Amino acid sequence: MTQLSTVLLVCIISHHALAAYAQESRKPPHIVIITADDMGWNDVGFHGSNQIATPNIDALAYDGIILNRHYSAPMCTPSRAALMTGRSPINIGMQHYVIDSDEPWGLGLDQRIMPEYFREAGYRTHMIGKWHLGFFTEHYIPTNRGFDTHIGYLGPYVDYWSYVSKMNSGTFEGYDMRQNQFVNYAANGTYATDYFTLAATEIIAQHGKTEQPMLLVLNHLAPHAGNDDDPLQAPQETIDRFAYIQNLERRTYAAMMSKLDDSVGAVYESLKVNGMLDNSIIVFLSDNGGVTRGMHSNTGSNYPFRGQKHSPWEGAVRTAALIWSPLLQDTQRVSNQWFHISDWLPTLASAAGITVGNSSFSDIDGIDQWEALAYGTGNPRQRLMNNLDEIFGYTSYVENGFKYINGTTLDGVNDEWYGETDPLDKLPEDDQYLSSVMSTSIARSGKLDEKLISYLRRHAKINCGNAIPNKPCKPLIRPCLFDIINDPCEMHNIASEHPKKLREIRQHLEQYRLRAAKPRNRPHDPDADPNNFGGVWNWWRTDPTKAAKQHDEIPPPSHSLSKDTQLFNSLEYDGWLNIALFHALDIDEPSKFTLRGNVTVTNRNTGLVSVAQEPLSLQDRNKLKRLAQENRLYRLEAHVTDSDGVTKFLTSSKAVCIRHAKSQLADVLWVSLDHSGTVTAVTQSVSNGNTEECRDLSNTDVDVLDEFNTDVYVKHTESAPIPDTASFIQKMEREREARERGETKDNRSFFAKYWMYLVPVVILLLISATNPEAGQR
């Protein structure tokens, strides 16, 4: 072997040996996640506003990475479930609304959550502040879900001083503050943000004396509104610093944000003082958008985005976020990579050397983006499922820069643009803003300068100009499509220009819908009354396997549609059904269009739910009404699948005919519509007539315009087997997506993994053996 070949081989082997040694020898990093509650996009300075001073948060953002396309679920409970599990809320039944403190449900105990992974890897795990993932039995509280300690409250919100929580859903109120599983009365009278900050710094100080790595999840109450009788609260001296803000509520909100900013600065300083900062990762994010108006309004501003919390728009799901760490190699930049809140678990686990989601059977939906963040190597994610809520009846989804919205919440009352700064406010100038950021310990440690800050701030700011929507979106009428990269404020609906893309996205959404889990929501339980526990919110059930009492029923869905367009009927049926109804509105129309949709069938015996489609548009409801008033014919058709998973019959006009495998009788479901196009009744009859007359009479070459939604509760007369086809398809789909994301376990041989390193060595050896002079060269 020549000298050159030997040197090359030694270099290659040494490189891999050193890399492996460095990976093994590096201490696991301390991880701190700081979550703001209901904070608006426009409520931090690094997005361009001078109204509210957040110098510590901003300095951390400028010295780290600003995540300008960070997405979440549109409400608290779903987003926190995604953060903890690394899963999409629709796949774990957490997609619909939030958990009120008197509701007996929570994040499923079958879900493995973030602290469990980290504690198993040797971490000490802590949670401070808000939990909001259920506590109706003691099994659901944080210290029984992987956290070694918890100092905070279990429900959605509390008073900032007294820690009393009053539920809007009823008359219940009680004290909600815990030290692990015990009631913590010592906090009473201390401002919540200060109390949680002190708890965090004390935990950090304890860790500074040990070698054990730390996971600290600091879920602040701020700036969420407190109880309705006194929603916005802050120390008066802090409020007085924002006297230039004319709106008194907004002024108090600014003070709440200022106290939150002080907390971030204190946590950073504590890590530094205790010698932990150089091996720490700090994540700061909001769980969803701000609430400018309506219930639990805190005057949060998502401007210039459209909508607010609890809506499908960017103002609800695109949230302020940043990551800071000395372990990041490419920092002081604005990242426009797509990032979902479910990505934090696999990303932070990867940074800590913890294996999460590398198995083809993994249930993790999140994507490991640590390498992309640390080195700026690209954009691993291209799809974002913000939410698919078939009870409220809306979908919010992003795919390759196109955003799809169908349906909305609260009949669209929060679908506009809110939160623009009052022109009468005499805001601080840019030089004052820069001075406040530069005065922080974070800016001095990071060696920031005003030129760099101005550059990053300019690139993090979203500016939609004064454009007027030329093609408005009305999602209760029909789906909308946006070029969200060039139209982040969702002003220009381009659905009509991209019908192929619209159809493609809707096909993908159908796969999401088929995989979606049944919502876990349960109705309010009077047994939760804090008066039963000395005026304290407490777990009130003992058996976690009984999520609800026998008399508890799943509440009927609360669609965006008016009540008269919904159907709640109870049918007894011997067998498992999946019924899809098809309207052919007018056979005589030249276009021969068809309106398609599903009936949601809930099996009261097994809990099985067939997934519903999206709501019937107002325009097409009006067409139905017109056709009915003119006595023009329409047809109803159905595809019916039995317990064997086989489609038994394609039906025809006004009747659904099903031939049983063990009977020659045909069951008929009669569906009645009134003149408004509303389904009013579903009845069942049995006939021994000729089922050949019920053959499909539809025209298959028709355009799909929109879907409708209606609901039927089915009770089996006797138990029937449920096919495992759905779970098999779900597993196969997960495996495919894992392969696409590169998360499947690498079972290749040593040569298959490292052939690109071995081949040059082999070539050099061959050259050396056959031609020593060439090998020497």
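Predicted model: local features only at pLDDT ≥ 70, side-chain atom pairs only at ≥ 80, totals over all residues.

Trainee: Which residue does a disulfide join to Cys489?

Mentor: A disulfide is a covalent bond between the sulfur atoms of two cysteines. Here the partner of Cys489 is Cys464, at an S to S distance of 1.6 Å (a disulfide is a pair of cysteine sulfur atoms within 2.5 Å). This link of Cys464 and Cys489 is right-handed, with 75 degrees about the S-S bond. The two cysteines are 25 residues apart and link distant parts of the chain: Cys464 lies in the loop between helix 13 (450-460) and strand 18 (480-483), and Cys489 in the loop between strand 18 and helix 14 (499-515). Helices (H or I, at least four residues) and strands (E, at least two) are DSSP runs, numbered from the N terminus. Cys464 also counts as buried, at 18% relative accessibility.

Trainee: How many disulfides does this rule give?

Mentor: The count is 2 disulfides. Cys473 and Cys480 form a disulfide as well, with their sulfur atoms 1.9 Å apart, and their link is right-handed with 95 degrees about the S-S bond. Cys473 is buried at 7% relative accessible area, and Cys480 is buried at 0%.

Trainee: What order do the strands have in the open sheet of 4 strands?

Mentor: Strands of a sheet pair through backbone hydrogen bonds, either parallel or antiparallel. In this sheet the order is 15-16-17-18, with antiparallel pairing (two strands pair if DSSP finds at least two bridges between them). Strand 15 and strand 18 are the edge strands, each pairing on one side only. Strand 15 (residues 383-389) is largely enclosed by the rest of the structure, because 6 of its 7 residues are buried.

Trainee: How many bridges join strand 15 and strand 16?

Mentor: Strand 15 and strand 16 (residues 394-399) pair over 6 bridges in the antiparallel sense, and Asn387 stands opposite Ser396 in strand 16. These two strands form a hairpin with 4 residues between them, and Gly393 in the turn has a positive phi of about 80 degrees. Strand 16 pairs with strand 17 (residues 402-406) over 5 bridges, again antiparallel; Phe402 in strand 17 is the bridge partner of Glu399.

Trainee: At what angle do the axes of helix 2 and helix 11 cross?

Mentor: Two packed helices are described by the angle between their axes and the distance between the axes. The axes of helix 2 (residues 55-63) and helix 11 (residues 430-438) cross at roughly 80 degrees and come within 8 Å. Axes are lines fitted to C-alpha atoms, for helices over the stretch in contact, and angles run from 0 to 180 degrees between N-to-C directions. Helix 2 is therefore roughly perpendicular to helix 11 (under 35 degrees is roughly parallel, over 145 roughly antiparallel, 65 to 115 roughly perpendicular and the rest oblique).

Trainee: Which residues of helix 2 and helix 11 meet?

Mentor: Pro55, Asp58, Ala59 and Tyr62 in helix 2 meet Tyr433, Ser436 and Val437 in helix 11 (contact means heavy atoms within 4.5 Å).

Notes: Residues numbered from 1 in each chain as written. Heavy atoms only, no water. Buried < 20%, exposed > 50% of the residue type's maximum accessible area, 1.4 Å probe, protein only.
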